[in-house]
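This report describes a model of two chains, taking each chain and then the contact between them. Please view the sequence and structure below before reading on.

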Amino acid sequence: MNFDKELDACGLNCPLPILRSKKTLNEMSSGQVLKIVATDPGSVKDFAAFAKQTGNELLSSTEDGGKYTFFIKKK
Amino acid sequence: MDEKKLAIIATKGTLDWAYPPFILASTAAALGYETQVFFTFYGLQLVRKDTSGLKVSPIANPGMPMKMPFGPKWFRDINWNIPNILQCSIPGYESVATMLMKQTIANNGVATVEELRSLCQEADVKFIACQMTVELFGFEHSDFIDGLEYGGAATFFEFAGESDICLFI
């Protein structure tokens, strides 16, 4: 999937992946896509909840070998 | 849609209890909540410039696992059940427990209290310190971080009365 910016949140625990993502999204413009890679298993539900509450669209959420990858499109 | 509002009262002054108010406030701000935290009594310790006084006490806290943050896995998995009577009589026990807790926090990629606190401030979380307890405990405004406001119970209710969520921590 194409993306405009990437955020490495590996090794970070709650709530840092969400806070860093929010900060990165603030620097982006509407319609741009942010890719996030995290290792916190709690981030799967958290990013879904974040997207739902902020209106930014969660395009995909996948797991591969303990790494969680999310693509979020800025509102 | 109007912005949702979260009001928190932070009353505890230990390292472990420093986390819930800052985690919830920073996350709420990221989700678009307007957020205020009112620091009163021991909670004032959380907004001091010097946070070295924030410690964790395993004494009379049976819910706290006592595990070592280093060594092989079998060693780290041991839960050291140390009786209260010993904990009370070993000098520096709290300092050692605090050091081990800080190491565990770092090992797990959990933010430091100072980091979460500044993330809150960057995200426009409003911090209010209780002026009455500042005086009661003999603190000066210069003991506290910049960006604090000082007020009383009525100040808290002005915001809390309009809030969607209100937490006492």
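Read from the N terminus, chain A has the element order β-α-β-α-β-β, with 2 helices and 4 strands in total. Here helices (H or I, at least four residues) and strands (E, at least two) are DSSP runs, numbered from the N terminus. The model is predicted: local features need pLDDT of at least 70 and side-chain atom pairs count only at pLDDT 80 or more, while totals for chains, interfaces and linings use all residues. Residues are numbered from 1 along each chain as its sequence is written, and chains are lettered from A and ligands numbered from 1 in the order in which they are written.

The radius of gyration of chain A, 11 Å, agrees with a compact globule, because a globule of 75 residues would have a value near 11 Å. That radius is taken over C-alpha atoms, and the globule rule is 2.2 Å times the number of residues to the power 0.38.

Chain B has 7 helices and 5 strands, arranged from the N terminus as β-α-β-α-α-α-α-β-α-β-α-β. An automatic or database domain assignment supplies the domain bounds: domain 1 of chain B covers 5-53 + 113-168, and domain 2 covers 73-107. The C-alpha centres of domain 1 and domain 2 of chain B are 28 Å apart.

A residue is buried if 20 or more other C-beta atoms, placed from the backbone, lie within 10 Å of its own, exposed if 12 or fewer, and partly exposed in between.

| Chain | Box of C-alpha atoms | Buried residues |
|---|---|---|
| Chain A | roughly 30 × 25 × 20 Å | 31% of 75 residues |
| Chain B | roughly 50 × 40 × 25 Å | 25% of 169 residues |

Two residues are in contact if their C-beta atoms, placed from the backbone, lie within 7 Å. Among contacts with a separation of 6 or more, residues 24 or more positions apart account for 60% in chain A and for 77% in chain B.

Which elements of chain A give two or more residues to the side that touches chain B? The contact takes 11 residues from chain A and 11 residues from chain B. On the side of chain A, the elements in question are α1 (16-26) and α2 (43-54), and α1(A) gives the largest share, 4 residues. This side of chain A comprises 6 nonpolar, 4 polar and 1 charged residues. Ala, Val, Leu, Ile, Met, Phe, Trp, Tyr, Cys and Pro count as nonpolar, Asp, Glu, Lys and Arg as charged, and the others, Gly among them, as polar.
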